[in-house]
Amino acid sequence: MSSSAISVSNLIKIYTRRRDTPLRAVDGISFEVPQGTIFGLLGPNGAGKSTTIKVLTTLLPPTSGRVSVLGHDVTTDPLSVRKQICVVLQENAIELFLSVQDNFRTFARFHGVTGAAAEKAMDRVLELFSLRDARKETGIDLSGGMKRRVQVAKVFMVEKPVVFLDEATTGMDTINKRATIEAVREEAARGRTIVLTTHMLEEAEELCSSVVIINHGKIVAQGTIDDVKAMGLRLFNISLTVAGDPERLLPRLRRFKPQRLEVSRTTVHLTVQDERTMHAILEIVRRSKLVRSFEITNASLEDVFVELIDKKDGAA
Ligand SMILES: Nc1ncnc2c1ncn2[C@@H]1O[C@H](COP(=O)(O)OP(=O)(O)OP(=O)(O)O)[C@@H](O)[C@H]1O
Ligand SMILES: [Mg+2]
């Protein structure tokens with residue numbers, strides 16, 4: 001037995017629609033998720049994230065490949081899988097005519113948690129997700145972002161070891177998102193395995209110990225956040241603050257064929273691929289009387305993501 005909570009091997013999901021050409025929404029992906037960790041499935045719109053989540057949670061059958069959750073195969077033993085998991089889908093809803101607390105109670109009851117145990121769980125989750133003040137509000141009166149927070153929070157009412165969150169923080173403002181991210185992190189620290197999808201990379205960067213980036217159903221990068229950032233792509237962001245007209249510096253910088261070259265007021269922002277280029281640019285900075293100050297930062301996951309997706313699309 002491995003210590004993987006989830007094991008996915010060469011998963012393929014093809015949607016066959018009448019009169020349409022079959023669509024390979026998930027096209028041969030493999031990954032493992034260690035127990036008690038937060039795993040991120042990343043990719044742009046239409047990449048195949050939700051489809052993957054639906055297969056992993058037994059909502060859709062795979063076309064081929066093997067998927068197991070805590071040792072149970074999703075195809076041959078879906079009931080055992082369902083006993084171990086909770087899922088928040090992208091399109092999930094809450095009960096609009098019930099209060100927040102009754103939404104929680106109903107969900108818990110559905111999973112066999114009632115009475116004092118349900119009240120105790122609710123107390124914990126309301127606190128964790130900072131929802132205590134909203135507990136008596138009716139679903140229909142909540143803002144979109146708050147509805148989403150209630151949807152995400154309620155799955156933590158029951159003690160399932162594996163939790164799937166498909167775009168958990170969609171529609172949330174920063175404060176709402178913060179509360180949710182903190183709560184999810186605490187739940188993982190309690191030993192739960194969490195699989196989340198997102199196209200918001202700061203979120204993945206903050207939460208996930210490992211990620212898979214997919215595009216058109218195929219993996220373009222996988223590993224820890226640091227692995228992905230280092231993936232043969234040493235991207236550097238350089239900002240040069242210029243005394244005078246920054247346009248005068250541009251011809252010299254263009255020669256390095258930067259990934260990105262933008263000017264905002266007196267600052268030139270550029271992204272370059274390798275250390276040699278970065279040093280060559282610093283040499284220009286040193287000699288130029290135009291540059292007043294500069295800053296170099298390592299690429300964010302966002303930069304790497306855009307680069308990886310563009311590269312694969314270009315190759316396709
Ligand atoms: N039931 C379905 N039947 C046919 N095609 C589908 C179905 N569901 C999804 N697709 C297609 O499969 C591809 C992957 O969709 P999926 O919803 O998995 O992407 P996603 O990565 O979750 O995107 P998003 O970021 O927009 O949520 C898309 O091209 C989508 O149009
Ligand atoms: Mg989706």
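## A first walk through the chain

Among contacts in the chain between residues at least 6 apart in sequence, 68% join residues at least 24 apart; two residues are in contact if their C-beta atoms, placed from the backbone, lie within 7 Å. The model is a predicted one, where local features need pLDDT of at least 70 and side-chain atom pairs count only at pLDDT 80 or more, while totals for chains, interfaces and linings use all residues. Residues are numbered from 1 along each chain as its sequence is written, and chains are lettered from A and ligands numbered from 1 in the order in which they are written.

Let us start with the overall picture. The C-alpha trace spans about 75 × 45 × 45 Å along its principal axes. The chain has 316 residues, and 36% of them count as buried (20 or more other C-beta atoms within 10 Å of the residue's own; exposed means 12 or fewer, partly exposed is in between, and C-beta atoms are placed from the backbone). Its secondary structure comes to 11 helices and 14 strands. Here helices (H or I, at least four residues) and strands (E, at least two) are DSSP runs, numbered from the N terminus.

Now to a sheet. Four strands form an open sheet in the order β2-β1-β4-β5, with antiparallel pairing. At the edges stand β2 and β5 (72–73), each with a single partner strand, so one side of each is left without a neighbour in the sheet. In general, strands of a sheet pair through backbone hydrogen bonds, either parallel or antiparallel. Two strands count as paired if DSSP finds at least two bridges between them. The pairs are listed here.

| Strand pair | Sense | Bridges |
|---|---|---|
| β1 and β2 | antiparallel | 9 bridges |
| β1 and β4 | antiparallel | 5 bridges |
| β4 and β5 | antiparallel | 2 bridges |

Leu11 stands opposite Ile29 in β2, Ser9 has Arg66 in β4 as its bridge partner, and Ser68 is partnered by Asp73 in β5. Helix α1 lies across β1 (4–15), β2 and β4, running at about 120° to β1 (axes are lines fitted to C-alpha atoms, for helices over the stretch in contact, and angles run from 0 to 180 degrees between N-to-C directions).

Which residues are closest to ligand 1? They are Tyr15, Ala25, Lys49, Ser50 and Thr51, among 14 residues that surround the ligand (a residue is near a molecule if its C-beta atom, placed from the backbone, lies within 6 Å of it). Both β2 (23–34) and α1 (49–56) supply at least two residues of this shell, and the largest share, 3 residues, comes from α1. By class, the shell holds 4 nonpolar, 8 polar and 2 charged residues. Ala, Val, Leu, Ile, Met, Phe, Trp, Tyr, Cys and Pro count as nonpolar, Asp, Glu, Lys and Arg as charged, and the others, Gly among them, as polar.

Further along, meet two helices. The axes of α5 (residues 144–154) and α6 (residues 174–189) come within 10 Å and cross at roughly 5°. Gly145, Met146, Arg149 and Val152 in α5 meet Asn176, Ala179 and Thr180 in α6. This contact has 3 nonpolar, 3 polar and 1 charged residues.

A last stop is Met200, in the loop between β8 (193–198) and α7 (201–207). Met200 is partly exposed, with 15 other C-beta atoms within 10 Å. Met200 and Pro44 are 156 residues apart in sequence and 9.3 Å apart in space, C-alpha to C-alpha.
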